[in-house]
Amino acid sequence: MSPLNNLINEVEAIKAQLKDHALYANLDQINDLHTFMEEHIFAVWDFMSLLKALQNHITCTSVPWRPNNSPTLARFINEIVLGEETDENELGEVKSHFEMYLDAMEQINASTKGIHAFLDQLQESNSLENAISNAHVSDVAAEFMRFTFSVIETGKPHLIASAFTFGREDLIPDMFIGMVKHLSSSAKVDCSKLIYYLERHIELDGDEHGPLSLQLVQELCGDDEIKWQEATETAKQAMQTRINLWNGINKMITTSKKPCTS
């Protein structure tokens, strides 16, 4: 069995936990979706830093330009950046997926104050920790971002690629598209922007980004057993960190559903 297939098998049990997480069954009211999106937006944001870290390592983003040793990987990363940072929304407007997610939040009246406060603080201090503290980011969202940046700070492309491939957006669209359509119908709320966002991810991740992400990990690890071991451990940690985020959001939602007692 190839090292890549070994890695995929190693994370299968954790992936199953994500697919069957209790959070999904509790997202049955529009207020629940508000809570979810208001926390998940931080993961949508820090995905771009993970992607940009890969771009910095695999392509030349400095001047003077230097030719790349792996044009195939460089093209893949640049295509991902094109799709994530400058995609087209349902109206044909050029927007990042982060901006599209914000638009979807605003359409269903989810609050964007938390993420905007965080970005304002980040702009002011250029410090993740200061922004988390000053914007009063929840513990669950803060821990998720801290893990992402701890991987970035290793400076090891194979670890960043592993977190990118196994811990990110491909885990979400298939699980949420049916739920959102149901909410849109039952609650008579227009979720068209969120549905478009999810369908766009299904299209990109299934047809293009998913297979290429696996190729990225394979090429960066090569025949190095230590790199494969490190990539496997990072993949497990990334997926466990996602479970922790889901656990935290689920706790917020279930707590809010409990009736008040006198």
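Which residues line the second largest cavity? I shall answer that after a word on the model.

The model is predicted, with local features requiring pLDDT of at least 70 and side-chain atom pairs counted only at pLDDT 80 or more, while totals for chains, interfaces and linings use all residues. Residues are numbered from 1 along each chain as its sequence is written, and side-chain values use heavy atoms, with hydrogens and water left out.

To the cavity, then. Its lining consists of Leu50, Phe144, Phe147, Thr148, Val151, Ala163, Gly167, Arg168 and Ala238. A cavity here is a set of points on a 1 Å grid over the protein atoms alone where a 1.4 Å probe fits but cannot get out, a pocket is an open set with protein on both sides within 12 Å along at least five of seven lines, and lining residues have an atom within 4 Å of a point. The volume of the second largest cavity is about 60 Å³, a volume being the space filled by probe spheres set on the points, which are joined across faces, edges and corners. Over the whole structure, the search finds four cavities of 30 Å³ or more.

Helix H9 supplies the largest share of this lining, four residues. Helices are DSSP runs (H or I, at least four residues), numbered from the N terminus. By class, six lining residues are nonpolar, two polar and one charged; Ala, Val, Leu, Ile, Met, Phe, Trp, Tyr, Cys and Pro count as nonpolar, Asp, Glu, Lys and Arg as charged, and the others, Gly among them, as polar.

Let me turn to the packing of H9. Helix H9 (residues 139–152) packs against helix H13 (residues 225–257) at an angle of about 165 degrees, with the axes 9 Å apart. The axes are lines fitted to C-alpha atoms over the stretch in contact, and angles run from 0 to 180 degrees between N-to-C directions. H9 is therefore roughly antiparallel to H13, the term for angles over 145 degrees. The contact comprises eight nonpolar, five polar and two charged residues.

Two loops deserve mention. Pro64 lies between helix H4 (30–58) and helix H5 (71–85), and the peptide bond from Val63 to Pro64 is cis, with omega near 5 degrees. Asn126 lies in the loop between helix H7 (113–125) and helix H8 (128–134); its phi is near 55 degrees, a positive value in a residue other than glycine.

Note on methods
Parallel < 35°, antiparallel > 145°, perpendicular 65-115°, else oblique.
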